Amino acid sequence: MKHFLFGTAATLGLMATVTTTALAETYKFDPGHTEIRFYYNHAGLSEQSGQWKVISGEVNFDPSDIAATSVTVTVDPASIDTGVSALDDHLKSGDFFDVENFPEITFASTEVTQTSDTTITLVGDLSIKDNTKPFTMTVTLNHNGPHPLGEFADYYKGEWIGVEATGDLLRSDYGVGMFAPVTSDEVRLEISAEMRAGGWE
């Protein structure tokens with residue numbers, strides 16, 4: 001299963017480096033620069049990975065009240081991409097994500113704890129198929145402010161946040177545990193995301 005999330009899962013680290021005069025904002029994921037990747041051990045031989053390519057969501061952030069931050073992420077499980085088409089088809093089937101009957105993976109935050117000037121612990125409800133479990137991510141802020149490319153392209157104008165997030169889960173908790181533990185039950189999700197205040201509407 002990167003996210004999820006997730007992200008983005010996804011996905012947040014928007015904190016003490018902001019100025020105290022910053023206003024509460026809603027940040028939306030840049031689909032071209034947001035990745036949710038998953039990593040797992042294949043029968044003890046190697047680490048393998050894949051990603052979901054269709055991700056949406058938003059982060060509501062008030063720098064004066066970090067604990068009130070909220071994150072929502074929606075992932076299209078049919079957008080899974082491992083680089084192996086036969087594996088993608090199997091992962092989309094009823095043996096795993098059953099994308100025809102469960103067309104969304106969702107994450108909704110429930111708790112945010114600031115752990116340093118640039119990190120938070122983000123806890124939320126991760127729903128895959130008809131299974132919802134708490135999921136915890138460590139999130140790091142990479143950037144908060146104008147995008148360095150904003151002077152070159154209108155798309156990048158405005159205020160941006162860049163984050164990295166990671167968390168571990170057991171895929172069997174979410175109804176996608178076939179072949180576990182021979183192929184590892186534990187999966188690592190990694191989310192890398194850029195978000196723009198207000199989106200592009």
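What follows is a short chat about the salt bridges in this predicted model.

Biologist: What should I know about the model and the numbering before we start?
Modeller: The model is predicted, so local features need pLDDT of at least 70 and side-chain atom pairs count only at pLDDT 80 or more, while totals for chains, interfaces and linings use all residues. Residues are numbered from 1 along each chain as its sequence is written, and side-chain values use heavy atoms, with hydrogens and water left out.

Biologist: How many salt bridges are there?
Modeller: Four, taking a salt bridge as a side-chain nitrogen of Lys or Arg within 4 Å of a carboxyl oxygen of Asp or Glu.

Biologist: Which residue pairs with glutamate 47?
Modeller: Arginine 188, with the closest N and O atoms 3.0 Å apart. Glutamate 47 is in strand E3 (residues 46-52) and arginine 188 in strand E11 (residues 186-197), so the bridge ties together parts 141 residues apart in sequence. Strands (E, at least two residues) are DSSP runs, numbered from the N terminus.

Biologist: Switching to lysine 53, where is its partner, aspartate 81?
Modeller: Aspartate 81 is in strand E6 (residues 80-81), and lysine 53 is in the loop between E3 and strand E4 (55-61), 28 residues apart. Their N to O distance is 3.6 Å.

Biologist: Is lysine 53 buried or exposed?
Modeller: Exposed, at 52% relative accessibility; the cut-offs are under 20% relative accessible area for buried, over 50% for exposed and partly exposed in between (1.4 Å probe, protein chains only). Aspartate 81 is partly exposed at 23%.

Key: Helices (H or I, at least four residues) and strands (E, at least two) are DSSP runs, numbered from the N terminus.
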